[in-house]
Amino acid sequence: MEPTTGWPGLAGVRVLDLSRLLPGGFATSLLADLGADVIKVESPDRGDYGRLVDPDTFAALNRNKRSVILDPREDAGREALLRLVESSDAVVESHRPGVMESLGLGYERLRATNPRVVLCSITGFGQTGPYASRPGHDVNFLALSGFFAVPHRPEGPVDRVGVRVADMSGAMYAALSTVVAVFGARATGAGQHLDVSLHEAAAGWAAPLALPLSGRDAAAESPLVTGDNDVFVLADGRRLAFATFEDKFWRAFRLRFAGEFPALADDSYDRRADRTRAKGEVRALLAEVFAQRDLAWWSAALAELDVPWAPVYESAAEFLADPHVAARGLVGTVPASATDGPRKQVRFPVLFGAGLESLRGAAPAHGEHTAEVLADTVPPRSPSAP
C-alpha cells in the first residue's frame, strides 16, 4: 500500500477490523485513509455481508485495507488472530455484547495477549443497559435518540433522511476515540475497552437542538425553526434550498424580487425576530413566490445575489457535475484491483496542508492478503519455552 504522502499520518498504527457492514467499516475506513494499516478479518464462508448486499458501498468502506480469512470459532483461527493482536494497536468489532467473550476474544483475553491493545466495540445500544441485547438498525437508533424531536419546519413531522446518521456518527466517534486511546496506550502502556453506542452517538448530535425544547409546548417553537430556512418546490417540480437566517440576506432577497413578486414588497418581516414569530406565514409566502418560476430562472436570478441558496441535487450525477466539487478535487478514482475496475469515490473530506492521498488502494478481495499478513506473525511459544 502506498503511503499517505508527505507526512506519516497514522503510519505505524495497526488496526484489526472484525466488524461488518456500515458502522465499523466506515470507522476503520477513516483510519485507513489516514494511513493506518487496517487488516480486515473475514470469515471463510463469504466474508463481510456487505460484499453481497452492495458491492459499490463495500468498495468505498474498505479501500486501503488488507483482507485476511480467519475463523475465530476454531482453535487455529482464534490463535492466529491472537498472534495478530500481539502486534496490533487496536481491534474494532461490531458484534452484540457478549459475542467476543463467547469466542474467547473478550477484552480481558486480548489484554492478556497485548496490554496496550485498544478494543473498540460498536453496538446499537452499548454494552450495558436494558436495551443492550436488542437488535437494531439506523432508523431504530434514531427513533430513540431525539433525532425526530428536532423540527426543521413550522408544521409537519420530522422526516428521516437517507443518510444513515446514527451509523455514520457512531463510526466517527469510534474512529476518533480509537486514535485517542491508541496514543494514550502508547504513552501509558495500558489499553482500554471503548464502548461505542450508535444510539448515544445519534443522541450526541441531536441533543444540542432537542434538549432545549423540553420545556416548550411545541417543538416548532424553537427559535432555530424559521420559515425562511427550508427547501421549496419550484414551478418545474425541482427543489431549491433557501436560508436567509440573517436580516441582511432577507432584505437583499426581498428588495431584489419585490418588483416581480408584489408580496415581497411588505417590509414586515425584515427583522429576524419578526420572521421567527411569523414563521408559518413567512414559509407560505416563500413557497408561493418560489413556485412561480422554474430552477433555471431562479438559478440565474439568485446567482447575482449574495444570499444563501442552492439547487437540491437529487442524483449522484448532479453532484458529480458540480463545478465546485471538481475544483476541490472532492471526487477521485481509486485504482483498479485484481478483481475490480477503477471506481469513483469521494476522498477523505479534509485537505491536509502536508498532503494526504486517501484514494490509494481498492477494497481487497476476500482473503487477498491472508498469506502475507500471517507470514508476518510470530508463532506462539509453547508453555515450556523460556
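Analyst: Happy to! Let's begin with what a helix axis is: a line fitted to the C-alpha atoms over the stretch in contact, with angles running from 0 to 180 degrees between N-to-C directions. Keep in mind that this is a predicted model.

Now look at helix 10, residues 247-257, and helix 13, residues 295-302. These two helices pack at an angle of about 115°, and their axes are 12 Å apart. Angles of 65 to 115 degrees count as roughly perpendicular, so helix 10 is roughly perpendicular to helix 13. The crossing of the two helices is right-handed.

Which residues meet there? From helix 10 come Phe-253, Arg-256 and Phe-257. On the side of helix 13, their partners are Trp-297, Trp-298, Ala-301 and Leu-302. By residue type, this contact of helix 10 with helix 13 has 6 nonpolar residues, 1 charged residue and no polar ones. Arg-256 is the charged one, because Arg counts as charged.

Strand 2 (37-42) and helix 5 (99-102) each supply at least two lining residues, with strand 2 giving the largest share, 3 residues. The lining of this pocket divides into 8 charged, 7 nonpolar and 4 polar residues.

Notes:
Residues are numbered from 1 along each chain as its sequence is written. This is a predicted model: local features need pLDDT of at least 70, side-chain atom pairs count only at pLDDT 80 or more; totals for chains, interfaces and linings use all residues. Side-chain values use heavy atoms; hydrogens and water are left out. Helices (H or I, at least four residues) and strands (E, at least two) are DSSP runs, numbered from the N terminus. Angles under 35 degrees count as roughly parallel, over 145 as roughly antiparallel, 65 to 115 as roughly perpendicular and the rest as oblique. A crossing is left-handed if the near helix is turned anticlockwise from the far one by less than a right angle, and right-handed if clockwise. Contact means heavy atoms within 4.5 Å.
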